[in-house]
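Thank you all for coming.

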Amino acid sequence: MEPNNIENQIREKLNSREIQPSTQAWDRLDAMLTVAETKKPRRNFYWLAIAASFIVFLTVGTLFFNENAKETRSIKSVVIENKTQKTSSEAAIETIQKDVNATEKVLKKTTKALVQTQNKGNMNDNDNVNSNDNDNIKNQTAKTEEAIAIVIQPNDKIEQIANQGKLNYIDVDDLLASVEKTSKTEKSSVKINSAALLNEIDGELELTFREKTLNTITKKYKEAKVAIANRNNQ
Amino acid sequence: MKVIILHQEENEIIQLAVANNRHAQQEIYSQFSPKMLSICRQYIKDIHQAEDVMITAFMKVFTNLKNFEHKGSFEGWIRKIIVNECISFIRVQKKVSFLDDKYYDEESFNYIESQFSVEDIQFLIDSLPDGYKMVFNLYAIEGYKHQEIAKMLGINEGTSKSQLSHARKMLQTQINKLKNHENGTE
């Protein structure tokens, strides 16, 4: 393919052309440059602020992360313990529920008997009141009341065990709450301890440095003393 | 020796300009702006718009001057920035869309002996639509390959070739018109 003559001509002539810009052109460029230069120094402060806040967030985040790790460990152990307790209480509740069912049946019988006696009592009231029948009715009511009392007792037991079970069930939440409380207190206590520790360490460091300097000073003093004392000796 | 001295002077001026020495910056501007404005004019018909683009491009030259690695010519480095600015101006301001046309032929121009003035040549270039003009300028004047042009304009290599082919055909007709006009047949 031959080189395009016309294209070569176009290229050469256009490349050698120069067009003088207007006088305002440099003034505009000058203004743009000054604007760009004045903006630059401000930017450095912006980056410093971002860097500083980032470092603060990092340190705070690491502190929280370490404390959260401790909490999760304690909560996991509590959950495992509660699970074992639940199974034993569940077994107890099952046996009690059987007793409850039995006592419920007894209850029904006694209520029926009570109703029958009441009906009898009503019927007797209409006729001549028979003291013996009343006594019988009273005895029967007393017996039913005793039966009901006996029936109620296992129910109380059930309630007690259910409460225990509930306690077992509630324990997780209570424990969590208690853990949170204790953790809060722990947090506060930890904070105090860490700060106190830091102060102690700082104090220790300072003391050791002081001690070191004091020791060196005393050593040098003693050495100087000895040297002066022995100056005449050879 | 003169070339080496000039190069040293150029490096010194560049270093001063990087340090925001306004005098050095003006020196660079005065030296290269006429040629760069000529390049902008190739792409943009309105001289005021061309000047705006040139100033924006020079702003980028000075902000990126610290990144100049002193490999190759300083003028060539400036020229690239100017050409890229012209392309982005046309693509954004004039919203050029390229038809994905795969038609192109490998035939070259007819051998043309006649000489044209710079004004005629600019007139010919101005007659091209923006898409053809950009591809023609990048290929025929800047010397980029179709692969490079495709990247710069965000088009396929095939599209670049077809755009060039269309540009050449159009120029051919325009040249014929010019010649007929000059010969006084119209």
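Predicted model: local features only at pLDDT ≥ 70, side-chain atom pairs only at ≥ 80, totals over all residues.

Let me begin with chain B on its own. Its secondary structure comes to eight helices and zero strands, so that the order of elements from the N terminus reads α-α-α-α-α-α-α-α. Of its 186 residues, 45% count as buried. If we take the contacts in chain B with a separation of 6 or more, 72% of them are between residues 24 or more positions apart.

Now to the place where the two chains meet. On the chain B side 39 residues are in contact with 29 residues of chain A, and between them the two chains bury about 3500 Å², with 60% of that area on carbon and sulfur atoms. Which residues of chain B lose the most area to chain A? They are B:Arg22, B:Ile55 and B:Met59, which together make up 17% of what that side buries.

Polar pairing is present here as well, with 14 residue pairs in polar contact between chain B and chain A, counting those where both residues are at pLDDT 80 or more. The elements that give two or more residues to this side of chain B are helix 2 (22-43), helix 3 (47-63), helix 5 (118-126), helix 6 (130-141) and helix 8 (157-183). Helix 2 of chain B provides the largest share, 11 residues. Taken by type, the residues on the side of chain B that touches chain A divide into 20 nonpolar, 10 polar and nine charged.

That brings me to the charged pairs. Side chains of opposite charge can pair when their charged atoms come close. Over all chains the count comes to 10 salt bridges, and the count between chain B and chain A is four.

One of these joins B:Asp52 and A:Arg28, with 2.5 Å from N to O. The pair crosses from helix 3 of chain B to helix 2 of chain A, residues 23-126. Both partners are partly exposed, B:Asp52 at a relative accessible area of 33% and A:Arg28 at 36%.

Another is formed by A:Glu37 and B:Arg22, whose closest N and O atoms are 2.8 Å apart. Because A:Glu37 lies in helix 2 of chain A and B:Arg22 in helix 2 of chain B, this pair also joins two chains. Here A:Glu37 is partly exposed, at 22%, whereas B:Arg22 is buried, at 17%. B:Arg22 belongs to a network of salt bridges that links it with A:Asp30 and A:Glu37, and B:Arg22 is, as I said, among the residues of chain B that lose the most area to chain A.

For a salt bridge within chain B, please look at B:Arg79 and B:Glu142, which meet at 2.8 Å, N to O. B:Arg79 sits in helix 4 (residues 74-93) and B:Glu142 in the loop between helix 6 and helix 7 (146-153), so the pair ties together parts that are 63 residues apart in sequence. Both are buried, B:Arg79 with a relative accessible area of 14% and B:Glu142 with 18%.

Next, the cysteines. A disulfide is a covalent bond between the sulfur atoms of two cysteines.

Finally, a lysine. Leaving aside residues up to four places away in sequence, B:Lys133 touches B:Gln42, B:Tyr43, B:Ile125, B:Asp126 and B:Leu128. The C-alpha atoms of B:Lys133 and B:Gln163, which are 30 residues apart along the chain, are separated by 8.7 Å.

I am happy to go back to any of these places.

Notes:
Residues numbered from 1 in each chain as written. Chains lettered and ligands numbered in written order. Heavy atoms only, no water. Contact = heavy atoms within 4.5 Å. Buried area = accessible area lost by both parts, 1.4 Å probe. Salt bridge = Lys/Arg side-chain N within 4 Å of Asp/Glu carboxyl O. Polar contact = N/O pair within 3.5 Å; in protein donor to acceptor, adjacent residues only side chain to side chain. Helix = DSSP H or I, 4+ residues; strand = E, 2+ residues; numbered from the N terminus. Nonpolar A, V, L, I, M, F, W, Y, C, P; charged D, E, K, R; others polar. Buried < 20%, exposed > 50% of the residue type's maximum accessible area, 1.4 Å probe, protein only.
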